[in-house]
Amino acid sequence: MRDLVCHLVVDAQDVLITLVTPSDAEPTRDAVTYWNVGRTPPAGDDPLDALTVRLAAAYEDPGLLRFHLDDVGSAAGRAARLVDPDLRVGTQGQVLTAGDYLSAYVLEWTLHHLDLIAHLPGTAGPPSQGLGHSRALLERIARAAFPASFSDTDALLVGTGRRVPTAAERAELGALAARLPFVVG
């Protein structure tokens, strides 16, 4: 869990950096094409993954990590509310509008919110608006709709491999089941 919270700190820093990195170039990506979609989860051998684990371990007091996430996350939220959604920004060698960039992050942070509460029974889940937005974006990324009977949460959990579909869900998914999970990164 500490690794995930540390990852969220790094994400919030990325948002802050990206939102103040304007570009005059035309967008090369949008909220859908921002994502690289695969079928297998990361192996954990990426240097950034290793850095996140070591950085998380450096927070010996979990309260300091929570404080850092609250501080940097709040700043990223304020920056997101203030930025012009049409502003073109650069990140990872790509150019997006700030609106598309933030839309992509809604998906990532909604998924990570679900990851966090998976181990904290009784904790509130992501807001319904964020769940709906994230499901719609995942469906655009997948170029397929999840069955209407799936809640937004179930579509996200099953669609990204965070939960295995039940036999009944697999039947409802039909041909889409063979394409799961969609690992977005």
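**View 1. Ser23 in its loop.** Ser23 sits in the loop that links α1 (2-19) to β1 (37-38); helices are DSSP runs of H or I with at least four residues, strands are E runs of at least two, and both are numbered from the N terminus. What you see here is a predicted model, where local features need pLDDT of at least 70, side-chain atom pairs count only at pLDDT 80 or more, and totals for chains, interfaces and linings use all residues. Residues are numbered from 1 along each chain as its sequence is written, and side-chain values use heavy atoms, with hydrogens and water left out.

View 2. Is Ser23 buried or exposed? Ser23 is buried, with a relative accessible area of 18% (buried means under 20%, exposed over 50%, partly exposed in between, using a 1.4 Å probe and protein chains only). Setting aside neighbours within four places in sequence, Ser23 is in contact with Arg88, Val89, Gly90 and Val95 (contact means heavy atoms within 4.5 Å).

**View 3. Ser23 and the backbone of Ala25.** Here a polar atom of the Ser23 side chain lies 3.1 Å from the backbone nitrogen of Ala25.

**View 4. Stepping back to the chain.** Count along and you'll find seven helices and four strands, in the order α-β-α-α-β-β-α-α-α-α-β from the N terminus. Of the 185 residues, 39% count as buried. For contacts with a separation of 6 or more, 68% come from residues 24 or more positions apart. The C-alpha atoms fill a box of roughly 45 × 45 × 30 Å, taken along the principal axes.

Conventions
Polar contact = N/O pair within 3.5 Å; in protein donor to acceptor, adjacent residues only side chain to side chain.
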